[in-house]
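Please read the following report alongside the sequence and the coordinates.

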Amino acid sequence: LGGRYAVSNTVSLNAALIFGESEYEESIRAEDIQMVRLGASYSPNDYFRLDAIYYLRDVDGNVANYTNDEFRVTASLRY
């Protein structure tokens, strides 16, 4: 489930909630996965775009449990 909101012609915000489940063949391993994604985009023209995205992953499994934070910044240039 996600959405995007245009604050202006150059700035947009986006967010998503993700729920999933993984089961592995020939293994007792199983995981419930929850993820939150929050991001912002800045595109002042048709040639440049800057994105900043924050991910929070929470994995609850019968073999391993962990939480992972990730922050990504990307820039793209088109000619």
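Is R29 buried, partly exposed or exposed? R29 is partly exposed, with a relative accessible area of 34%, where buried means under 20% relative accessible area, exposed over 50%, and partly exposed in between, with a 1.4 Å probe and protein chains only. This is a predicted model, in which local features need pLDDT of at least 70 and side-chain atom pairs count only at pLDDT 80 or more, whereas totals for chains, interfaces and linings use all residues. Residues are numbered from 1 along each chain as its sequence is written, and side-chain values use heavy atoms, with hydrogens and water left out.

**Salt bridges**

A search of the whole structure finds four salt bridges, each being a side-chain nitrogen of Lys or Arg within 4 Å of a carboxyl oxygen of Asp or Glu.

| Pair | N to O distance |
|---|---|
| R29 and E31 | 2.8 Å |
| R49 and D51 | 3.1 Å |
| R57 and E70 | 2.9 Å |

E70 itself is partly exposed, at a relative accessible area of 22%, and a network of salt bridges links R57, E70 and R72. As for the other two pairs, E31, the partner of R29, counts as buried at 5% relative accessibility. In the pair of R49 and D51, R49 is partly exposed at 29% relative accessibility, while D51 is buried at 13%.

**Overall form**

The secondary structure comes to zero helices and five strands, both taken as DSSP runs numbered from the N terminus (helices H or I, at least four residues; strands E, at least two). The radius of gyration is 17 Å, well over the 12 Å that the globule rule gives for 79 residues, so the protein is more spread out than a compact globule; this radius is taken over C-alpha atoms, and the rule is 2.2 Å times the number of residues to the power 0.38. Along the principal axes, the C-alpha trace spans about 50 × 25 × 20 Å, and buried residues make up 14% of the 79 residues.

The protein has 7 positive and 12 negative side chains, and the centres of the two sets lie 14 Å apart. In this count Lys and Arg are positive and Asp and Glu negative, with His and the chain ends not counted, and the place of a charge is NZ of Lys, CZ of Arg, CG of Asp or CD of Glu.

**Two residues in their surroundings**

N14 lies in strand β2 (residues 11–23) and is buried, with a relative accessible area of 14%. Leaving aside neighbours within four places in sequence, N14 is in contact with G3, R4, R37, L38, G39, A40 and S41, contact meaning heavy atoms within 4.5 Å.

T67, found in strand β5, counts as exposed at 53% relative accessibility. Not counting residues up to four places away in sequence, T67 touches L56, R57 and D58, and among these R57 is also the salt-bridge partner of E70. T67 and M35 are 32 residues apart in sequence and 9.7 Å apart in space, C-alpha to C-alpha.
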